[in-house]
Amino acid sequence: MIPSTKFPRRHLLLAPAALVLLAGCASDNNNPPANQNNNAGGQDAAGPGPATGGAAASPDETAFRPRANPIEYIGLTVERDMTLDEFVAMFDPILGDGASAGQFASGVKIKENIEIGSSADPQTPDQILIQGDLIPVEPANENDKRRTMMRAPASKAYGKLFMDAVRTATATALEVQQKEPGGGAPFWLEYRSRSSNGGSLGVRFDFEPKREPRTKLVLNINTPQTSLSGGKLNGPAFSGKPYESIAGTAWFAPSRDEFTFFVQRAYGISPGADQNFRDFQLLPHKWLRLTVTPKLKDKFIDVAFEVVKLDKSRVPFARAPASFIAGDQFRQAVFVMLDQNEREQKEGKKPTDWQAPFYYDDPHSGGVVAVVATGKAGRFDIAYAVESPINFLRDVDFVPYPKTMEIPETWPTKQTKCSELGSYEAPQGRFKVRFVSSDVIRKAEKEGRVKAPLKGTVSGSIYKSEDVTIAGPKEGTKPVASFKFENVSIEGGRPSTEFLIEDQVPAGDYQVLGFMDIDGNADPKDPGPDQGDPVFIPIGGYKLSCFEQPFDVQFAILLPKL
């Protein structure tokens, strides 16, 4: 028996989730607003204009419960540095004046093999159809040349409003930059469309004054959410009217005194209430105006945002009520964390990172507002995250996943009786192994991405299955057998010759760990793989029940850089 082969312990790490300030915290890229009944029937869309008012919520709309039925979907988010002029040129024929005039675009390349396009909607002249496609890099067959991930309806009215808002906000921000290089504050604006049949679309334009380049596109496309319930596979999981909205987030960096004054004036009962925010310019975002109107009889305030376009005309953006008592709770939550950070700084401690959102909405008739206070590395910031009222649309035909494979009803029957394998049942047995390569390794070989021919010495060890995890052998465990075979070849996708591992082991479940030294540089006294060597991955396992039992042991991948 040779020494146990070293197996690289690869820890599967989850990177810390990035903190994203979404406009409308209850309305993310995949799910409707909290009071939108996405199981409601009816496929006919409302008119092309924004929804006004709305019926009282049904019991289904106000119930607080988790989703009951299983679903699946696939999403893709892509970023691309882009100037304002480049953005307008690309998306004018998709969402802007060009699309409204019938000047559509197809096959617009976002990145290699990711395309977007637009076309007329045969159902209504007020809508545009926007499609997101993937060009497969490993097509399943000769007909698998394009896969549609998403087809979303969009109104010409909301598309134009979004493009106008992007032009206005970015031109204003760049004007500030010219006067004060590096000045201004970040913001983003996003067009959103959601359809149970077509999937979801998010087109976002980001501005960051201290980044080079300062502007970029963030495109998000999702397939429809499809059902995993019996008999409904690859069909829509939900029904209901599709809808669209426009969202945006703008950041500010106030002092504590500024925050105290403004939040008291906005949400508090103060002597200055009659001098409340009226057409207030949210500097440095001169394009965004705020009006706060106290409604003392109703015990809330009315918060409204408008976009001032380049031609000085006004466009309502979002409007929602917020109660005085919730506003006071928000103020106290922020004060608690600001005091915490101040104490930490005085004591020389690392400031605690924190976030305090104040969310309020009227999604059908007004929109969504979230005031998000954050502390990051001792810096205090405020973000206004807003979303327009939802606008109902006419739906598209369902976009299914393409059927690119034949799925058998059962796996092919394997010989499992020892007599069929030329052996007999025994309390102890030996492994007879052939080494084979996975599709991944065969593809790398075909494309010339292997560092040396796929032949060499195979070193490995056999462990009890319970002693192994995906990261390798558990601490303190030992192999039940080890092996070393020279001149093994898996070139051209062909299996190796058969090798007998002489050590007898008790019948049971096992894992095989090891590698092939294709460049001949492993330490013979302590063999271990280096980058580019074929290695086994402990997935599945091998059940030994015969005195001599044959197995195909697969090299899964070429060891990546550690």
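Is Tyr 542 buried or exposed? I looked it up in what is a predicted model, and Tyr 542 comes out buried, at a relative accessible area of 16%. The cut-off for buried is under 20%, so 16% puts Tyr 542 on that side.

Next I ran through the aromatic pairs. The search over the whole structure turned up 28 of them. I started with Phe 536 and Phe 555: their ring centres are 4.4 Å apart and the planes meet at 20°, so I logged the pair as stacked. Where do these two sit in the fold? Phe 536 is in the loop between β28 (534-535) and β29 (542-544), while Phe 555 belongs to strand β30 (residues 548-555). The pair therefore ties together parts that are 19 residues apart in sequence. I also checked burial, and both Phe 536 and Phe 555 are buried.

Then back to Tyr 542, which pairs with Phe 551. That one is edge-to-face, with 5.3 Å from centre to centre and 75° between the planes. Phe 551 has 13% relative accessibility, so I put it down as buried too.

Last entry: charges over rings. Which residue lies over the face of Trp 188? I found Arg 204 there, at 4.8 Å from the ring centre. For Phe 392, I have the charged end of Lys 241 sitting over the ring, 5.7 Å from its centre.

How values were computed: Residues are numbered from 1 along each chain as its sequence is written. This is a predicted model: local features need pLDDT of at least 70, side-chain atom pairs count only at pLDDT 80 or more; totals for chains, interfaces and linings use all residues. Side-chain values use heavy atoms; hydrogens and water are left out. Rings of Phe, Tyr and Trp (its six-membered ring) pair if their centres lie within 6.5 Å; planes under 30 degrees apart count as stacked, over 60 as edge-to-face and the rest as tilted. Helices (H or I, at least four residues) and strands (E, at least two) are DSSP runs, numbered from the N terminus. Buried means under 20% relative accessible area, exposed over 50%, partly exposed in between (1.4 Å probe, protein chains only). A charge sits over a ring if NZ of Lys or CZ of Arg is within 6 Å of the ring centre and within 35 degrees of the ring normal.
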